[in-house]
Amino acid sequence: MVGTNETQTELLRGFDDENIATWPLERWSIPTDYSKRYRSDLEAASNLRVLLHANATHLQMDSSGTTLRHVKAACSPGKVFQINAKNTVIACGALENTRLLLASRDILTEGIGNKHDLVGRYYQSHCFGVCGYAVLKDPFKDFIYDFEKDQAGVYCRRRFWLTPEAQKKHQVSNVVGFFVRAVSGESEHRNAMVSLVLLVKTLLGGAKKGPKRLFQIVRAQRRELLTHLGIVLKDGPSIFHQVAAVVYTRYFRKRRLPMVLPSKKANFFPLFFQTEHAPLRESRVMLDDSSVDDFGMPRLEVNIRFSEVDYRTIRTFVSLFKQRIEESGIGTFHLSEKDKEYLAHPERRPFNSNAHHIGTTRMAVTADAGVVDVNCKVHDVENLYVAGSSVFPTSSHANPTLMIIALALRLADHLKSKD
Ligand SMILES: Cc1cc2nc3c(=O)[nH]c(=O)nc-3n(C[C@H](O)[C@H](O)[C@H](O)COP(=O)(O)OP(=O)(O)OC[C@H]3O[C@@H](n4cnc5c(N)ncnc54)[C@H](O)[C@@H]3O)c2cc1C
């Protein structure tokens with residue numbers, strides 16, 4: 001590792017134990033502009049044709065319901081065409097894969113691959129949020145807080161990870177945590193950069209909704225906003241330094257800083273957690289027949305559900321974290337009244353995620369347990385395949401894309417071997 005003490009592999013020296021480990025690294029790839037990076041490869045490929053602005057609207061089965069005849073598509077409503085292929089792979093993301101399968105119901109009235117009412121079920125994402133904050137005995141000693149870089153310049157981060165042994169022992173799911181900037185809007189962090197970000201976000205957000213709404217927001221939050229303004233004015237010089245560094249590393253470098261961390265000076269480290277979401281049959285997306293899009297396709301109704309194991313995972317993680325940081329003598333951990341209320345009733349916090357959608361066409365050996373088989377082929381349909389995290393039976397705590405790519409490569413090999 002560059003720029004850090006090479007002998008230290010723990011996020012906080014002396015923290016790791018049998019329950020929580022911080023030695024694994026999360027790595028940030030360079031953002032890839034797909035069209036720039038691959039355009040010439042795609043154009044050069046003689047066996048490939050890319051159709052842009054083409055929306056698949058219907059999967060047309062033959063009358064037996066076992067073979068896909070063609071895909072109906074449209075560039076704009078009314079401009080319809082069809083694509084005929086020996087084998088078809090749908091890779092529209094976990095929500096749109098589901099919609100396409102369920103909405104193609106002229107031959108199979110329950111939708112394609114849905115004989116056992118599984119398409120759209122076991123919908124998973126992650127439970128995540130901020131709960132509690134740490135205060136360290138000495139935030140400037142043996143604490144790898146900033147992002148690290150490896151020899152190739154890749155940004156890396158250490159997280160607090162609940163070990164597989166602890167997951168098994170406590171009968172909970174996978175979960176990681178890390179320190180984040182305060183997202184709550186509370187000014188107790190006393191960090192100028194965070195206060196500035198919150199002020200700008202609040203005021204711009206309000207202004208976008210019009211002067212009346214802005215006035216309401218300022219009136220309702222005036223005490224908190226004034227406190228933030230005070231912090232910004234008082235610590236002005238330190239903000240200038242941080243803003244310059246952030247602008248440079250976020251926008252002018254090839255490898256960009258993944259996110260802005262407040263300075264250690266505040267000695268206020270809110271704990272963010274993100275958990276695996278246990279698969280649950282009742283957690284599902286389905287068609288909302290009361291609402292169609294411009295192509296005449298029904299929109300989706302999303303009904304995400306969590307269960308006791310998800311909530312137990314959060315409670316266990318927070319409690320083991322508190323226990324470890326305090327017994328190691330590294331610092332103290334504090335829960336606000338809001339945090340305590342959340343831990344007592346996590347089901348009351350509204351869920352909001354747009355990032356990882358998983359499990360809606362889960363893989364299983366038999367058709368009564370999953371939508372696709374081990375080759376990602378829709379059970380009972382001989383030439384239709386699914387790519388993407390919709391085929392994952394479980395969600396883990398994060399980052400589905402490498403596994404999506406691994407499965408896509410495996411599927412490509414399978415299709416080549418089928419020819
Ligand atoms: C904010 C954010 C942060 C994320 N961070 C990470 C991360 O750090 N690490 C990680 O591993 N993953 C991350 N993800 C998740 C990652 O983006 C997804 O796992 C990945 O993009 C899924 O790839 P996919 O090809 O299956 O689906 P998508 O990338 O969603 O691609 C599906 C494509 O199909 C198109 N499409 C949809 N419906 C149709 C249709 N009917 N006809 C034709 N085309 C259609 C869509 O326009 C889209 O281009 C993040 C996601 C978000 C939103």
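Start with the shell around the ligand: by class, it has seven nonpolar, eight polar and one charged residues. Here Ala, Val, Leu, Ile, Met, Phe, Trp, Tyr, Cys and Pro count as nonpolar, Asp, Glu, Lys and Arg as charged, and the others, Gly among them, as polar. This is a predicted model: local features need pLDDT of at least 70, side-chain atom pairs count only at pLDDT 80 or more, and totals for chains, interfaces and linings use all residues. Residues are numbered from 1 along each chain as its sequence is written.

Now select Cys 92, Gly 93, Glu 96, Gly 388 and Thr 401, which come nearest of the 16 residues around the ligand. A residue counts as near if its C-beta atom, placed from the backbone, lies within 6 Å. Then color β3 (55-61), α2 (94-103) and α10 (401-418): these elements give two or more residues each to the shell. Helices (H or I, at least four residues) and strands (E, at least two) are DSSP runs, numbered from the N terminus.

Next, the open sheet of three strands. Its order is β2-β9-β8, with antiparallel pairing; strands pair if DSSP finds at least two bridges between them. β2 (25-27) and β8 (148-149) stand at the edges with a single partner strand each, so one side of each has no neighbour in the sheet. Three bridges join β2 to β9 (155-158). Pick Glu 26: Arg 157 in β9 stands opposite.

Last stop: select Thr 202, Gly 206 and Ala 207 in α4. They meet Arg 213, Leu 214, Ile 217 and Val 218 in α5, with contact meaning C-beta atoms, placed from the backbone, within 7 Å. By class, this contact has four nonpolar, two polar and one charged residues.

Conventions
Two residues are in contact if their C-beta atoms, placed from the backbone, lie within 7 Å.
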